[in-house]
Amino acid sequence: MDITLIYPHLPLIFAGLMGISILVYVVLDGFDLGVGILFPLAPAEDRDRMIASIGPFWDANETWLVLAIGILLVAFPAAHGEILTALYLPVTIMLIGLIARGVAFEFRAKAQASEKWLWNRIFFAGSLITALSQGYMLGIYTLGLQSGFQAFAFGILVAICLTATYAAIGAAWLIYKTDGQLQANAISWMKKALIFTLIGMAAISIITPLASDRIFEKWFAIPEIIALAPLPLMSGLFFIFTYWQLKHLPDETERFSLLPFIGIVAIMVLGFAGLAYSFYPYIVPEKMTIVDAASAPESLLIILFGTAFVLPVIVGYSIFAYRVFGGKATELRYD
Amino acid sequence: MDPFILSRMQFGANITFHILFPTITIALGWILLFFKYRYNKTGDQAWMDAYFFWVKIFALSFAMGVVSGITMSFQFGTNWPGFMETVGNIAGPLLAYEVLTAFFLEAVFLGIMLFGFRRVSNRVHTLATFLVAFGTTMSAFWILVLNSWMHTPQGYEIIDGIAHATDWFAIVFNPSLPYRLSHMLLASGLTAAFLVAGLSALRWLLGDRTASMFKALKTGVTLAAILIPLQIFAGDLHGLNTLEHQPAKVAAMEGNWETKGNVPLLLFALPDEETRSNKFELSIPNGASLILKHEADGVVPGLNDFVAEDGTILHPPVAAVFWGFRIMVGTGFAMLFLSWIGSYYLWRKDEFPKPLAYLFVPMALSGWVATIAGWYVTEIGRQPWLVTGVLKTADALGPIAGGMVLSTFIAYLATYFILLGAYIFVVVRLAVKAAKSGDKRPEPDATGKPALPGATPNQASLPAE
């Protein structure tokens, strides 16, 4: 087989890999960040357990962001510069948020009781800042990296929506990983966060096509509108299903405690699919397509080989780690 | 404000802050594996106590390294988009392989290494420790491949101003890789060895006489004593390799302006680029010629060879490279004397004199000093190039405003100073706490592992598995 036959498809393959990395990141680190965002709502005695529910995972979860930005960097160098210089300030704010969140874990674990309040606040602030800046960047990016008040306002809207989504998935994770009063609290947090998520996603779905004629065309032409109708309809069904499920929790047997998490992941996947469809074939909206921005095929092929071999292994040992720390979260100890 | 110099200072600050922590964790991972191996072999709980103390410092250092590393991957794009646009076809796959073969491995197994001792079998826990150490080393390998390629590029061709790979073997095993990789891994070994020795010496001074403290002390001092002669040897070879491929850097390291024979080794001087000469020279005759050419009249390149006819300076800033080199070498010799004297007392006399303990404590951070000084020599020494002969640093800068870079630079600096202070404070306090409490450990249960403390009522009711 002639290996060069794959060359024309490489940009799309890598766009797909990057999309998957981003999706896995927002789901996995989404629940870490969500737990951080919910942190101040919990009474002090529940906070160690909230940390314990994400402690062994957060670092690996954050690595999916490194992979996503890495793919953008290596597969689409031209787009990478364009996007990141345009988002210079929010990127910096996000990075400082990520730094604060990441180190707060470790410092908190080694702090004396009298200092914990400080690292609790840094953990919360870092998680919140990260979530808000990621949402803001998503909003600005969606509108084609424009500046001006409208883009700013839309950025703020998406920032709030994504933060609510993270809070919802964080609460869903706590429902799965904890029990008792903390679980009961998480159920009520998730109900509220879910409403904000719904409002935010609906607003974005309405505003995006109005702001961009191209996106409007992609969604509302015939027959696309019929083929695409299941996307918003299924999202709506999952919202109803998840909310209904929350009404019936907590449940003595714990058989259904993972369902809210599955529900919110489904909602996120559908929302992500909608966004991806809107952007395609652009990697910098309205400016640069996936094909225009791609690296040389020889270099992409080398990465593809590595990815094809290594990614399944990564998924395998990640699942192993989740199984090791499976079940309800218990105290984390080094010794 | 000039966005170029500000971006350089910002990236320099980030990478300086970042390298502090991988320099510790790359080697500390292997030291922890050694503690675990000794525990498995001897069953002596003191090795496991040493492991549990040092794994906390490993965890803290690892987290600091992760968060500061993510910052850099973004700064490639925010400040230096020209880098990936020009050499992305080569840098890209190398960075991708670092993420795929190293980052995930270390991040995933770190959780099991830190918190899994009671949840997995002893064998799996040892394996997790090994995989984390292996992952950090793989990460060092890939990033040093890229860094070495930026110093001594080969295996590529330029088409329309963009580098394309022609020979991956030549790219990965470029001329400076073997020297740079050994030099850096040994630097990491020394940094971790002196950290372990210095912090153990602090515990000793605070009255700690536990077996675990002595085991760590002896491990640190001995490791340092073994690695430092290897490092001096590797460093010398690296210098000769640099002379071959980047003579301007060596000229700046030696503070030598004119190409000639019988060049002295300068112990002290103030290089002045205005007058293109040195002030207050203190030197050993023929020293530089002897070191670099192994002959008293060996010809050593001079900085004046690297000035274009129109007066453009094509060599790196002299004073920074000159002094960085001297600080690194000076620290190296201090390491040599202290670690050998320490080994002599610990192995021959079986004692640890108090003055020696006082010397080891400040040397706990000597690895940081030498590593940063050395990195400044090699990275500032590559200027004005970002990729030697391919891309100038100034040409990689993105379209960003100076004021914006300044504000983020200040924000990063403030963050880093606070975190560095907090890190040192917490590490010292962990040592003080350990010295005061001794080796407290839960009673072992039937499986031989220390017993799980009873779950408190508000803790989870379901077991882990």
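Author: Let's start with how a helix angle is read: an axis is a line fitted to the C-alpha atoms of the stretch in contact, and the angle between two axes runs from 0 to 180 degrees, taken between their N-to-C directions. Keep in mind that this is a predicted model.

Reader: Okay, at what angle do helix H1 and helix H7 of chain B pack?

Author: About 130°, with the axes 12 Å apart. Here H1(B) covers residues 3-42 and H7(B) covers residues 211-245.

Reader: Which word describes how H1(B) and H7(B) lie to each other?

Author: Over 145 degrees would count as roughly antiparallel, and 65 to 115 as roughly perpendicular. H1(B) and H7(B) are therefore oblique.

Reader: Is the crossing of H1(B) and H7(B) left-handed or right-handed?

Author: Right-handed. On the H1(B) side, B:Ile31, B:Phe34 and B:Phe35 make the contact, and they meet B:Ala216, B:Thr219 and B:Leu223 of H7(B). By residue type, that contact has five nonpolar members, one polar and no charged.

Reader: What span should H6(B) have, judging by its residues?

Author: Count 1.5 Å a residue: the 29 residues of H6(B) should span 42 Å, and its end C-alpha atoms sit 41 Å apart, which agrees.

Reader: What sits around the ends of H6(B)?

Author: Just after the helix, B:Gly207 takes a positive phi of about 95°. B:Ser176 is found in the loop between helix H5 (168-172) and H6 of chain B.

Reader: Is B:Ser176 buried or exposed?

Author: Buried, because its relative accessible area is 1%. Leaving out neighbours within four places in sequence, B:Ser176 is in contact with B:Ser148, B:His151, B:Thr152 and B:Asn241. Its C-alpha is 8.9 Å from that of B:Val145, 31 residues apart along the chain.

Reader: What does B:Leu95 touch?

Author: Setting aside residues up to four places away in sequence, B:Leu95 touches A:Leu73 and A:Val74 from chain A, along with B:Phe76, B:Met84, B:Ile143 and B:Leu146. You'll find B:Leu95 in helix H3 (residues 81-115) of chain B. It counts as buried because its relative accessibility is 10%.

Reader: Which residues other than glycine have a positive phi here?

Author: B:Phe280 is one of them, with phi near 55°. It lies in strand S4 (residues 277-284) of chain B. Exposed means over 50%, so B:Phe280 counts as exposed at 59% relative accessibility. B:Asn286 is another, with phi near 65°. That residue is in the loop between S4 and helix H9 (287-293) of chain B, and it is partly exposed, with a relative accessible area of 22%.

Reader: Last one: where is the cis peptide bond of A:Pro281?

Author: It joins A:Tyr280 and A:Pro281, with omega at about 5°. A:Pro281 is in the loop between helix H12 (259-279) and strand S1 (282-284) of chain A. In chain B, the bond from B:Gln383 to B:Pro384 is cis, with omega near 5°. B:Pro384 belongs to the loop between helix H12 (366-380) and strand S5 (385-387) of chain B.

Definitions and conventions
Residues are numbered from 1 along each chain as its sequence is written. Chains are lettered from A and ligands numbered from 1 in the order in which they are written. This is a predicted model: local features need pLDDT of at least 70, side-chain atom pairs count only at pLDDT 80 or more; totals for chains, interfaces and linings use all residues. Side-chain values use heavy atoms; hydrogens and water are left out. Helices (H or I, at least four residues) and strands (E, at least two) are DSSP runs, numbered from the N terminus. The expected span of a helix is 1.5 Å times one less than its number of residues. Buried means under 20% relative accessible area, exposed over 50%, partly exposed in between (1.4 Å probe, protein chains only). Contact means heavy atoms within 4.5 Å. Angles under 35 degrees count as roughly parallel, over 145 as roughly antiparallel, 65 to 115 as roughly perpendicular and the rest as oblique. A crossing is left-handed if the near helix is turned anticlockwise from the far one by less than a right angle, and right-handed if clockwise. Ala, Val, Leu, Ile, Met, Phe, Trp, Tyr, Cys and Pro count as nonpolar, Asp, Glu, Lys and Arg as charged, and the others, Gly among them, as polar.
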